[in-house]
Amino acid sequence: DGDYAKARFYLLKDSVNLLLIKQQQINYEQLSAEKKRLNREAAIRPLEIKTENDSITLYKYYHTANTKDTTTIRIIRENGEWLVDLKSIIRM
């Protein structure tokens, strides 16, 4: 929804993820006002949550703005915090 400060709070902060979120923000800022509105109004709906081990969980979901597209994202536990690893879904 364009709140990149909040997204960075939940991000696994390694060099690749920081680069990926920066590029994602640039891409988002180039969207039309209508597409940004649709993203803000959409919701993330879980399809499956699968524990790989005690520090990795896979979260499969769809975004209501595009219900046909499902995504599985890796959430990693590091130093007691659960953080999103964008490398699991965004390719450079």
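Leaving aside neighbours within four places in sequence, T51 is in contact with I56 and T57; contact means heavy atoms within 4.5 Å. T51 sits in strand 1, residues 44–53. Strands (E, at least two residues) and helices (H or I, at least four) are DSSP runs, numbered from the N terminus. T51 counts as exposed because its relative accessibility is 56%. The cut-offs are under 20% relative accessible area for buried, over 50% for exposed, and partly exposed in between, with a 1.4 Å probe and protein chains only. S32 is 19 residues from T51 along the chain, and their C-alpha atoms are separated by 37 Å.

This is a predicted model, in which local features need pLDDT of at least 70, side-chain atom pairs count only at pLDDT 80 or more, and totals for chains, interfaces and linings use all residues. Residues are numbered from 1 along each chain as its sequence is written, and side-chain values use heavy atoms, with hydrogens and water left out.

How confident is the predictor? The mean pLDDT of the chain is 91, and 98% of its residues reach 70 or more. pLDDT is the predictor's confidence in each residue, from 0 to 100.

I75 lies in strand 3. D85 lies in strand 4, residues 81–85. They are 10 residues apart along the chain, with 5.9 Å between their C-alpha atoms. Beyond four places in sequence, I75 touches S55, I56, T57, Y59, W82 and L83. With the same exclusion, D85 touches L12, N17, I73, R74 and I76. Is D85 buried or exposed? D85 is buried, because its relative accessible area is 3%.

The loop between strand 3 and strand 4 holds N79. N79 is exposed, because its relative accessible area is 75%. N79 is not a glycine, yet it has a positive phi of about 55 degrees. Most residues other than glycine have a negative phi.

Which residues form the largest nonpolar core? The core has 9 residues: Y4, L11, L20, I21, Y28, Y61, I73, I75 and L86. Helix 2 (15–29) and strand 3 (66–78) are the elements that give two or more residues to this core. Helix 2 supplies the largest share, 3 residues. Apart from this core lies another, of 5 residues, among them I56, L58, I76 and L83. A nonpolar core is a set of buried Ala, Val, Leu, Ile, Met, Phe, Trp, Tyr and Cys residues joined through side-chain atoms within 4.5 Å. In soluble globular proteins, nonpolar side chains tend to be buried together. Back in the largest core, Y28 is a member. Outside four places in sequence, Y28 is in contact with D1, G2, Y4, K36, N39 and R40.

Last, the largest pocket. Its volume is about 1,400 Å³. A pocket is an open set of points on a 1 Å grid over the protein atoms alone, where a 1.4 Å probe fits, with protein on both sides within 12 Å along at least five of seven lines; lining residues have an atom within 4 Å of a point. The lining has 33 residues, and D1, Q24, I44, Y61 and H63 lie nearest the centre. Strand 3 gives the largest share of the lining, 6 residues. By class, the lining has 21 nonpolar, 7 polar and 5 charged residues.

Terms used:
Grid points are joined across faces, edges and corners, and a volume is the space filled by probe spheres set on the points. Ala, Val, Leu, Ile, Met, Phe, Trp, Tyr, Cys and Pro count as nonpolar, Asp, Glu, Lys and Arg as charged, and the others, Gly among them, as polar.
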